[in-house]
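Here are a few exercises on aromatic rings, each with a worked solution. Keep the view open and try each task before reading on.

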Amino acid sequence: MSFFSRNREELAELGIDPSRLPPGQYHTKRFPVLHAGSVPDVDLDTWDFWIGGLVSAPVRWTWQEVAAMPTSTVTADIHCVTKWTKFDTGWTGIPTRDIWEMIDPLPGARFVMVHAYHGFTANLPIEDFLADTSLFAHTFDGEPLELEHGYPLRLVVPHLYFWKSVKWVRGFTLMAEDQPGFWERNGYHMYGDPFAEQRYWGD
């Protein structure tokens, strides 16, 4: 029996529906740390969050302004492209829909490019960016985000592979046409549905 089959059987024995686990994934209780390059130096006194592209007026908020925004909490399974899945993670932050209500998108805005420290980016269709479970999180399981997990703010889009949940977010750009971000230019799928195993180019 393969490791993946045994992992699914263990879930069933624990009373957890194995169908929650996308194909090719295994369940873990850990929260592995994965990123390219170094962890950024974060200074909240100079940190800002900006929105540009197809919006009537660009937006720039300080950390104090972002931290004061009303929050929601989402409990969701998360799926990493490296094949681990963690169930029932808890995230607290500003829903993307609330952010959307604070700006004036121009007609034709259909995608976003999310920007992070060190020039990392990832693309998303508007529908996924604005899903009910999508938010800009500053808290994980009741505690402030650790730096290695995206402090002070990360995007969380749990229904897609977790590289789309960009760590160390600094803002996003509204776009008319889909464009590849850093990960998508370097071999990752443009969309990233874990249940369709859309990990890499050609999947």
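**Exercise 1.** Which residue lies over the face of Y117?

Solution. The residue is R170, at 4.7 Å from the ring centre of Y117. A charge sits over a ring if NZ of Lys or CZ of Arg is within 6 Å of the ring centre and within 35 degrees of the ring normal. R20 lies over the face of F87, at 4.4 Å from the ring centre.

A word on the source: this is a predicted model, where local features need pLDDT of at least 70, side-chain atom pairs count only at pLDDT 80 or more, and totals for chains, interfaces and linings use all residues. Residues are numbered from 1 along each chain as its sequence is written, and side-chain values use heavy atoms, with hydrogens and water left out.

**Exercise 2.** Classify the pair formed by F49 and F136.

Solution. Start with the rule: rings of Phe, Tyr and Trp (its six-membered ring) pair if their centres lie within 6.5 Å; planes under 30 degrees apart count as stacked, over 60 as edge-to-face and the rest as tilted. The search of the whole structure finds 21 aromatic pairs. In one of them, F49 and F136 are 5.2 Å apart centre to centre with 80° between the planes, hence edge-to-face. Next, check burial (under 20% relative accessible area; exposed is over 50%, partly exposed in between, with a 1.4 Å probe and protein chains only). F49 is buried at 1%, and F136 is buried at 1%.

**Exercise 3.** Do likewise for W100 and F129.

Solution. W100 is buried at 16%, and F129 is buried at 0%.
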